[in-house]
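Trainee: I have a new structure to read. Can we go through it together, one question at a time?

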Amino acid sequence: QRVDAFINDAVLLGGTLAKSQNKAEFAVVGPPLSFEQVAFMVGKNNSGLLTIVNDAIARMLASGELQKLYDKWITPYGVPIEGEVDALFKIEAIAE
């Protein structure tokens, strides 16, 4: 059986398309339907670890290191940094 379309995370769709043996039969189309942030879970009473994680992310954003990693591992799957993701990167680069 075949389906006409399905919805999934943009990075997963891009990865599936990249690995497909018949790429010409598929296309990722349309604007994103939603935006989901990815998060680290830290215990309520572990403010030390939370500070370390937040500072590391802020340093990586400010130095451009996270952008390089994103460009290497995410952008090739058709998910460039733009819109909400771009704004989030800029906001998170400000250390708390």
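Trainee: What is the accessible surface of the protein chain, and what share of the surface belongs to carbon and sulfur atoms?

Mentor: First, a caution: this is a predicted model, where local features need pLDDT of at least 70 and side-chain atom pairs count only at pLDDT 80 or more, while totals for chains, interfaces and linings use all residues. Residues are numbered from 1 along each chain as its sequence is written, and side-chain values use heavy atoms, with hydrogens and water left out. Accessible areas come from the Shrake-Rupley method with a 1.4 Å probe, and for residues only the protein chains shown count as cover. The surface of the protein chain comes to about 8200 Å², and the carbon and sulfur share is 59%.

Trainee: How many helices and strands does the protein chain have?

Mentor: Helices (H or I, at least four residues) and strands (E, at least two) are DSSP runs, numbered from the N terminus. Along the sequence the pattern reads α-α-α-α. The count is four helices and zero strands.

Trainee: What radius of gyration does the protein chain have?

Mentor: The radius is taken over C-alpha atoms, and the globule rule is 2.2 Å times the number of residues to the power 0.38. A compact globule of 96 residues would come near 12 Å. The C-alpha trace here spans about 50 × 30 × 20 Å along its principal axes. The protein chain has a radius of gyration of 17 Å.

Trainee: What percentage of the residues is buried?

Mentor: Buried means under 20% relative accessible area, exposed over 50%, and partly exposed in between (1.4 Å probe, protein chains only). Of the 96 residues in the protein chain, the buried part is 12%.

Trainee: Is K72 buried or exposed?

Mentor: K72 is found in helix α3, residues 65-73. Its relative accessibility is 55%. Therefore K72 counts as exposed.

Trainee: Which side chains meet in a salt bridge?

Mentor: A salt bridge is a side-chain nitrogen of Lys or Arg within 4 Å of a carboxyl oxygen of Asp or Glu. A search of the whole structure finds one. The N to O distance is 3.9 Å, and the partners are E25 and R2.

Trainee: Why does the pair E25 and R2 tie together parts that are 23 residues apart in sequence?

Mentor: E25 is partly exposed at 48% relative accessible area, and R2 is exposed at 70%. The two sit in separate parts of the chain, so the pair ties these parts together: for E25 the loop between α1 (10-19) and α2 (47-63), and for R2 the segment before α1.
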